[in-house]
Amino acid sequence: MSPTSVPIRSEVGPALPEVPLGVGTHLIGDLHLDVANSEQVDSFCRRMRALAGIPRLVILGDLFEYWVGPAQLDSARVVIDGMRELVDGGTAIDVIPGNRDFLLEKHFERRSGARLRSNGMVGLLPSGTETDQRVLLIHGDELCTLDLPYQRMRRVLRSRPLRFFAASIPGPIARWLASRLRRASTKAIEYKPNAAMDQQEAACREYAAKASCRSLVCGHAHRYRDQRLSDGLRWFVVDAFGGERDTLRVSAAGELEVTSPGSSA
Ligand SMILES: [Mn+2]
C-alpha cells in the first residue's frame, strides 16, 4: 500500500450540498481574522462592502484565526455584522469551516446569515457539461493525508463530544484555550518537515472522484495553485486572504478565473 492511500473517511460523498456558482461568485479562504486586530477587521469589512451585489461568496475555511465556540460571538461582532450586511444585500455566503474554526456553529450562522457547510460542498458552474460544472469546495487540510498525527487529531477535535463541550465553555476559559491552541499550532508547524504537511495529489483525486467533480478548489496551503492533474482534474488553491491571487471568480463565460484584491470589486 502506498503511503498516500490513507483511508479517506466518508466526509465527502453524495450527501454534500450542491449550490449554484453564478457569474460573479467569489471564492476566498484563509482569512485568519484575529478579531482583536482592528486593522485586519476593518480591511475585511472593506472587502465585504466591495463585494456588494455579487450573487455568492464562498469562504473556504479559516475565516477566523481561531474559534472556540459561541463565547467568541460578541468579540467577533464587527466581522459578523460585515457579513450580515452583504447577506442582507442579497449575496449568499457559504462558510466551509477550516482547521482553525471548525467549531463554528448555528449561533454564528444565525447572526451572520451565512450558511455553514461543515464537510464542504459542490459548486455548480453555470456552463459546461454536467460533470465539468461540478466543483468540489473544501478547506484542504483533509488533503494532507501523509500527516497522520494531524489527521488523527482532526478526527478527535471534530468529534461530537468535543463540539458539545466547546458549546458550553465560558468566555474567559474559551479565550485562554484559544490562545493556547494557537501557540501549540504555531509550534507544531515549526518543527514538522514540509513534505509531510503538503496536500497530496492522490487525496485530491480521491475526494474529487467521490463527489463526481472535475475540479477542486481549496485553501489551507496559503500558496496559489492552478494545476491540471494527469487525469484532467483541475486543482486550484487560493492564496491566503490578502495575497496576490487570493480570489477565484466565476467569469462571464462561467469559468473560474483568478483575480487579485485590486480588481475583485
Ligand atoms: Mn487551514
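These legends describe close-up views of a predicted model. Local features need pLDDT of at least 70, side-chain atom pairs count only at pLDDT 80 or more, and totals for chains, interfaces and linings use all residues. Residues are numbered from 1 along each chain as its sequence is written, and side-chain values use heavy atoms, with hydrogens and water left out.

**View 1. The manganese site.** Asp62 (OD), Asn99 (OD1), His139 (NE2) and His220 (ND1) coordinate the manganese ion at 2.1 to 2.3 Å. Asp62 sits in the loop between strand S3 (56–59) and helix H2 (77–88), and His220 in the loop between strand S8 (215–218) and strand S9 (225–228), so the pair ties together parts 158 residues apart in sequence. Donors are N, O and S atoms within 2.8 Å of the metal (3.2 Å for Na, K and Ca); water is not among the atoms, so sites may look incomplete. Helices (H or I, at least four residues) and strands (E, at least two) are DSSP runs, numbered from the N terminus. Asp62 and His220 are both buried (under 20% relative accessible area, 1.4 Å probe, protein chains only).

**View 2. Strand S8 and its partners.** Ser215 and Val217 point one way from S8, Leu216 and Cys218 the other way; all are buried. Strand S7 (residues 134–137) pairs with S8 in the parallel sense over three bridges. Pairing requires at least two DSSP bridges between two strands. Leu137 stands opposite Val217. S8 also pairs with strand S10 (residues 234–237), parallel, over four bridges. There, Val237 is the bridge partner of Cys218.

**View 3. The six-stranded sheet.** The open sheet runs in the order S5-S4-S3-S2-S11-S12, with mixed pairing. Strand S5 (115–116) and strand S12 (256–259) stand at the edges, each with a single partner strand, so one side of each lacks a neighbour in the sheet.

Notes: Buried means under 20% relative accessible area, exposed over 50%, partly exposed in between (1.4 Å probe, protein chains only).
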